[in-house]
Amino acid sequence: MTTAVGTVVELLLDGFAHGGSAVGRLPDGTACFVDYAIPGERVRVRVAERRRRWARADLLEVVEPSPDRVTPPCPLFGPGRCGGCKLQHIAPRRQADLLAGVIADQLQRIGRLDIGGPPRMLRPHDGDGMGYR
C-alpha cells in the first residue's frame, strides 16, 4: 500500500543524497528524502511530496539523534529561514565524510569510474567547519 502525502511515519535514515538530504525508506519501500536529518537517526516525518519512485518528507521530530548532531552556528539555520547551508546541524568531520561519499557514488554510478572509495580532498580544517563554505 502506498504511503500518501500527509501521512506521519517514523523512519530510520540510512543514506545521504546529493543536495544534503538524509534518506530512508517509507513503509511501502519508497526512498524518502528528509532535510535537516542525519543518516543513522530515527525520525518522525510527514510525507510532503510523492512521486512514483521517491518521496520527500518534512522533519517533525528527531526520535534518536546521531552523535554527530550539533547546534548550528548560524541563528538563521533551519527550514524556511536562510536556506544557504543545509548541513550546519552535522559535525564538520561527518559533513566532509558524507559529502565525499556522495562524490564517490556519483563518480562510480554516473561516471562509471572506480576511484577506490571517497576522495580525500574533502577534509575540513580543525575548527567550526564553516571555513570551506
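Glu-41 lies in the loop that connects strand β4 (31-34) to strand β5 (42-50); helices (H or I, at least four residues) and strands (E, at least two) are DSSP runs, numbered from the N terminus. The structure is a predicted model, in which local features need pLDDT of at least 70 and side-chain atom pairs count only at pLDDT 80 or more, while totals for chains, interfaces and linings use all residues. Residues are numbered from 1 along each chain as its sequence is written, and side-chain values use heavy atoms, with hydrogens and water left out.

Glu-41 is buried, with a relative accessible area of 0%; buried means under 20% relative accessible area, exposed over 50%, and partly exposed in between (1.4 Å probe, protein chains only). The side chain of Glu-41 reaches the backbone nitrogen of Ile-38 at 2.9 Å and the backbone nitrogen of Ser-66 at 3.0 Å. Residues up to four places away in sequence aside, Glu-41 touches Leu-11, Leu-12, Leu-13, Val-62, Glu-64, Pro-65, Ser-66 and Arg-69, where contact means heavy atoms within 4.5 Å.

A nonpolar core is a set of buried Ala, Val, Leu, Ile, Met, Phe, Trp, Tyr and Cys residues joined through side-chain atoms within 4.5 Å. The largest such core has 13 residues, of which Leu-11, Leu-13, Leu-26, Cys-32, Val-34 and Val-45 touch the most other members. Two or more residues come from each of β1 (8-12), β4, β5 and β6, and β5 gives the most, with three. Contacts of Leu-13 beyond four places in sequence include Val-34, Ile-38, Glu-41 and Val-43. A second, separate core of six residues includes Ile-38, Ile-90, Leu-98 and Val-102.

Helix α1 (residues 92-109) has 18 residues and reaches 26 Å from its first C-alpha to its last, close to the expected 26 Å; the expected span is 1.5 Å times one less than the number of residues. The buried residues of α1 are Pro-92, Gln-95, Ala-96, Leu-98, Ala-100, Val-102 and Ala-104. β2 (15-16) is included in what covers them.

Methods: Polar contact = N/O pair within 3.5 Å; in protein donor to acceptor, adjacent residues only side chain to side chain.
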